[in-house]
Amino acid sequence: MPATADGLVIRDARDADREAVRKVTLAAYAEYARVMEPAAWAGLDGAVRAALESGGAIDRIVAEHAGRVVGSVMLFPPQVQAYGELAGAARAPELRLLAVSPDARGLGVGRALVDECIRRAREMGATELGLHTSRSMQVAMGMYRRMGFVRAPEADFHPAGAERVEGYRLPLEDSRPGSVGSPEG
């Protein structure tokens, strides 16, 4: 994939990226250990580590800057249980574990990764893109809102001892060629 104007390359993760993705994700989420209640942090940390080890039909996407992985995200297809039994199967693609290396913040990495998830969701023919977050993730929530994501409280869930996990959805314009809102329309 070509680089963005900021020098970011957004691409599918390779097997060789697995350790870099793990390091970036754990470093990005480590900040929540300082702001969450200890039980909530323990739950989140365990969930992040389990998700990093999960397999299956997941798009694993990375952002590379100057030849180094500086961000990653997972995109689950519809009907896959991105959160196991906690949330059930999603009716739309769901992005999860958006992570940006602390030293790469401010480069537009998070937005570029979400934009790629939006592009892929449209390519799948999805009418919306979902995600979940919690109150401790204020910076991420602000970005999601600015990008047009809206609260979907019907998708919320509350793991025992953890923060409420809030659902968000981004309605996608009809992306079929020739339709209103599509590049050809």
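Trainee: In E5, which residue is the bridge partner of Leu95?
Mentor: This is a predicted model: local features need pLDDT of at least 70, side-chain atom pairs count only at pLDDT 80 or more, and totals for chains, interfaces and linings use all residues. Numbering starts from 1 along each chain as its sequence is written, and side-chain values use heavy atoms, without hydrogens and water. E4 and E5 run parallel, joined by two bridges; strands pair if DSSP finds at least two bridges between them. The E5 partner of Leu95 is Leu131.

Trainee: Which helix makes a right-handed β-α-β unit with E4 and E5?
Mentor: Helices (H or I, at least four residues) and strands (E, at least two) are DSSP runs, numbered from the N terminus. Right-handed means that, with the strands pointing away from the viewer, the path from the first strand over the helix to the second runs clockwise. The helix between E4 and E5 in this unit is H3.

Trainee: How many of the residues of E4 are buried?
Mentor: Buried means under 20% relative accessible area, exposed over 50%, partly exposed in between (1.4 Å probe, protein chains only). E4 is largely enclosed by the rest of the structure, because its buried residues number seven of the seven.

Trainee: In E4, which residue is the bridge partner of Gly71?
Mentor: Look at strand E3, residues 68-76. E3 and E4 run antiparallel, with five bridges. Gly71 has as its E4 partner Val100.

Trainee: In E2, which residue is the bridge partner of Val9?
Mentor: Strand E1 (residues 8-12) has four of its five residues buried, so it is largely enclosed by the rest of the structure. E1 pairs with E2 (residues 59-65) in the antiparallel sense, over five bridges. The E2 partner of Val9 is Glu64.

Trainee: Which residue with a positive phi follows H4?
Mentor: H4 spans residues 138-146, and its buried residues are Ala140, Met141, Gly142, Met143 and Tyr144. After H4 comes a residue with phi near 105 degrees, Gly148.

Trainee: What is the angle between the planes of Tyr144 and Phe149?
Mentor: The structure holds two aromatic pairs. Tyr144 and Phe149 form one that is edge-to-face, at 5.7 Å centre to centre. Rings of Phe, Tyr and Trp (its six-membered ring) pair if their centres lie within 6.5 Å; planes under 30 degrees apart count as stacked, over 60 as edge-to-face and the rest as tilted. Both Tyr144 and Phe149 are buried, and their planes are apart by 65 degrees.

Trainee: How many residues apart are Arg169 and Glu94?
Mentor: Their side chains meet in a salt bridge, 3.5 Å from N to O. Such a bridge needs a side-chain nitrogen of Lys or Arg within 4 Å of a carboxyl oxygen of Asp or Glu. Arg169 counts as buried at 10% relative accessibility, as does Glu94 at 2%. This pair links distant parts of the chain: Arg169 lies in strand E7 and Glu94 in strand E4, and the separation in residues is 75.

Trainee: Why are Asp115 and Arg111 about one helical turn apart, and in which helix?
Mentor: These two form a salt bridge, with the closest N and O atoms 3.9 Å apart. Asp115 is partly exposed at 35% relative accessible area, and Arg111 is partly exposed at 41%. They are separated by about one helical turn because they stand four residues apart in helix H3.
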